[in-house]
Amino acid sequence: MGSGDNQQVQGAVAPTAPKYRKQEQEPASRTITEVAPGVLRLQLPIHLPGLGHVNCYALEDERGFAVVDPGMPGPRAWKELQDALKRAGIPLKRVHTAIVTHSHPDHFGGAGKLRRETGAEIVTHKSFRLRWNPTETDDDVDVETQALASSSCMHDACDDADHDHTARHESIREHDWNLPAPWGGNPPRPDWKRRLRWNVLRSVPGLMPTPTPTTRLREADTVTFAKREWVAIHTPGHTADHLCLFDPTEGTFLSGDHVLPTITPHISGLMKFADPLQLFFDSLDKVREFSGQVRTVLPAHGHPFPDLAKRVDEIKHHHVGRLDRLREAYRELGRAATVSEYSHYLFSPRAQGAMADSESYAHLEHLVQQGGAESHRRTDGMLAYEVG
Ligand SMILES: [Zn+2]
Ligand SMILES: [Zn+2]
């Protein structure tokens with residue numbers, strides 16, 4: 001680039017704002033980078049609102065490669081994975097393992113096909129489960145998965161103005177799409193078009209090969225990849241089955257969606273736990289313990305970063321801010337209010353809907369569990385909260 005180019009830039013009317021406000025929105029770069037010893041970062045395109053890529057890390061050893069979160073299911077994503085592997089100089093047959101951080105499709109999607117094509121092992125947390133797998137008994141409904149069926153699926157969950165885009169990237173868990181929301185009112189389900197596409201995807205054999213884990217890790221289990229040991233850390237919150245892996249030798253931390261650089265993972269109120277937000281806080285505290293030994297955090301979206309403790313604190317601060325906003329909302333309203341009413345204080349108008357309500361519910365229930373709020377069921381079936 002010559003000086004003439006610089007002059008042109010300087011003469012521009014106004015500096016242009018960065019095109020992507022959040023790292024996680026950036027489209028997949030075709031550049032392959034070594035982000036830790038023996039660890040390559042491949043970026044795979046994903047087409048979810050608010051997320052432009054998923055990082056697929058390739059961990060090299062004598063046997064070949066373990067890949068972490070090999071992208072979405074489907075033929076296009078499979079081609080993109082093969083293309084990225086080729087650019088990284090990794091023959092498909094050398095992939096011996098797929099490590100899946102959690103049960104969202106942009107993470108597990110390619111694992112089943114990899115196993116089919118290369119016989120790769122599939123490593124997950126012990127509690128990994130997918131709703132559509134008929135051998136699984138859990139009845140979770142995963143809205144992120146439904147996004148596969150509709151590119152516009154999560155537009156209505158676009159998050160609040162200043163921080164977090166992750167209501168688009170979440171799991172809603174419920175007992176039955178036809179049951180009312182636990183906070184009252186309409187079932188928190190996607191519209192009929194999405195449900196129809198979802199049912200088609202589930203019913204056509206082979207359209208979404210479901211990965212069956214060959215190794216289910218328990219807390220503190222160790223596995224060897226990239227010629228060193230990694231410790232399994234169960235980090236429930238974003239999903240119940242979320243797994244992080246920590247390598248004490250080089251200080252590398254695979255954080256999945258648990259700790260992302262510039263967005264916060266969505267916490268659903270529809271998990272089967274009384275206080276999913278507390279679960280997430282506990283998982284943040286758990287990983288923070290390792291921060292003194294961590295040199296590089298490798299998130300599933302966005303760029304690697306060095307300071308785990310700092311980012312954990314920011315994420316907690318964000319959620320504490322939301323709890324404060326609920327208290328302010330109650331003071332402003334001066335009366336008990338429903339989950340949807342509180343949701344309008346936490347999320348922008350275009351974010352309103354089942355997912356925003358689900359996250360608001362998680363925050364309100366957290367306050368109830370902590371003794372900072374009370375709820376009662378109104379005669380119309382709606383839960384109403386007073387926040388102290
Ligand atoms: Zn996720
Ligand atoms: Zn993700």
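Guide: Axes are lines fitted to C-alpha atoms, for helices over the stretch in contact, and angles run from 0 to 180 degrees between N-to-C directions. Helices (H or I, at least four residues) and strands (E, at least two) are DSSP runs, numbered from the N terminus. This is a predicted model, in which local features need pLDDT of at least 70 and side-chain atom pairs count only at pLDDT 80 or more, while totals for chains, interfaces and linings use all residues. Residues are numbered from 1 along each chain as its sequence is written, and chains are lettered from A and ligands numbered from 1 in the order in which they are written.

Visitor: At what angle do helix α9 and helix α10 pack?

Guide: Helix α9 (residues 339-346) and helix α10 (residues 354-369) meet at about 100°, and their axes are 9 Å apart. Angles under 35 degrees count as roughly parallel, over 145 as roughly antiparallel, 65 to 115 as roughly perpendicular and the rest as oblique. The pair α9 and α10 is therefore roughly perpendicular.

Visitor: Which residues of α9 and α10 meet?

Guide: Two residues are in contact if their C-beta atoms, placed from the backbone, lie within 7 Å. On the α9 side these are Val339, Ser340, Tyr342, Ser343 and Leu346, facing Ala356, Asp357, Ser360, Tyr361 and Leu364 in α10.

Visitor: How is burial read, and which residues of helix α4 are buried?

Guide: A residue is buried if 20 or more other C-beta atoms lie within 10 Å of its own, exposed if 12 or fewer, and partly exposed in between. In α4 (residues 111-118), Ala111, Gly112, Lys113, Leu114 and Arg115 are buried. Their cover includes α2 (75-87), β5 (95-99), α3 (105-108) and β6 (121-125). Just after α4, Gly119 has a positive phi of about 75°. Of the chain's 388 residues, 47% count as buried.

Visitor: What is the strand order in the open sheet of five strands?

Guide: Two strands pair if DSSP finds at least two bridges between them. The order is β8-β9-β10-β11-β12, with mixed pairing. Since β8 (222-225) and β12 (296-299) are edge strands with a single partner each, one side of each is left without a neighbour in the sheet. Neighbouring strands here are turned by 30° against each other on average, direction ignored.

Visitor: How many bridges join β8 to β9?

Guide: Four bridges join β8 to β9 (residues 228-234), and the two strands run antiparallel. Val223 has Trp230 in β9 as its bridge partner. The two strands form a hairpin with two residues between them, and Ala226 in the turn has a positive phi of about 50°.
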